[in-house]
Amino acid sequence: QVQLVESGGGLVQAGGSLRLSCAASGRTFSTYAMAWIRQAPGKEREFVAAISWSGAGKRYADSVKGRFTISRDNAKNTVYLQMNSLKPEDTAVYYCAADENFWGTIDDYWGQGTQVTVSS
């Protein structure tokens with residue numbers, strides 16, 4: 001069982017930066033792949049980024065490549081999403097998720113989400 005708690009969301013102007021954090025409970029955090037998924041109002045959930053259990057593997061949605069960076073600290077049971085050059089279309093609730101499989105849909109466990117709002 002893994003419990004996830006996101007933080008770091010907020011209101012930022014276009015072009016600005018935010019860093020999201022996701023704190024995980026459970027001693028098996030380091031064995032899970034982690035991901036960030038977002039959902040904008042009236043839209044379906046959208047994959048943003050994922051990282052393998054070791055941190056060696058990373059993948060990103062085309063819409064965020066070059067602007068967002070996912071990382072993790074297994075000693076702190078935390079995964080991060082550094083978001084730079086933010087755009088109004090990045091506005092969404094951002095969810096952290098965990099799964100044993102890095103290459104599939106990462107959705108075994110979910111956090112409650114944190115709101116990111118980018119003003120133009």
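1. Start with Lys-65 and Asp-62. They form a salt bridge, and their closest N and O atoms are 3.2 Å apart. Asp-62 is exposed, at a relative accessible area of 65%. Keep in mind that this is a predicted model.

2. Next, look at Asp-90 and Arg-67. This pair also makes a salt bridge, with the closest N and O atoms 2.8 Å apart. Asp-90 sits in the loop between strand S8 (78–83) and strand S9 (92–99), while Arg-67 sits in the loop between strand S6 (58–60) and S7, so the pair ties together parts that are 23 residues apart in sequence.

3. Are these two partners buried or exposed? Asp-90 is buried, with 1% relative accessibility. Arg-67 is buried as well, with a relative accessible area of 11%. The cut-off for buried is under 20%.

4. Now take Glu-46 and Arg-38. Their salt bridge brings the closest N and O atoms to 2.8 Å. Glu-46 is partly exposed, at 32% relative accessible area. Arg-38 counts as buried, at 5%.

5. Step back to the whole set. The structure holds four salt bridges. Arg-38, Glu-46, Arg-67 and Asp-90 are linked in a salt-bridge network.

6. Turn to the sheet. It is open and has four strands, in the order S1-S3-S8-S7, with antiparallel pairing. Strand S1 (3–7) and strand S7 (68–73) are the edges, and each pairs on one side only. On average, neighbouring strands are turned by 15 degrees against each other, direction ignored.

7. Zoom in on one pairing. S1 and strand S3 (residues 18–25) run antiparallel and share five bridges. Leu-4 has Ala-24 as its bridge partner in S3. Strands of a sheet pair through backbone hydrogen bonds.

Key. Residues are numbered from 1 along each chain as its sequence is written. This is a predicted model: local features need pLDDT of at least 70, side-chain atom pairs count only at pLDDT 80 or more; totals for chains, interfaces and linings use all residues. Side-chain values use heavy atoms; hydrogens and water are left out. Two strands pair if DSSP finds at least two bridges between them. Helices (H or I, at least four residues) and strands (E, at least two) are DSSP runs, numbered from the N terminus. Axes are lines fitted to C-alpha atoms, for helices over the stretch in contact, and angles run from 0 to 180 degrees between N-to-C directions. A salt bridge is a side-chain nitrogen of Lys or Arg within 4 Å of a carboxyl oxygen of Asp or Glu. Buried means under 20% relative accessible area, exposed over 50%, partly exposed in between (1.4 Å probe, protein chains only).
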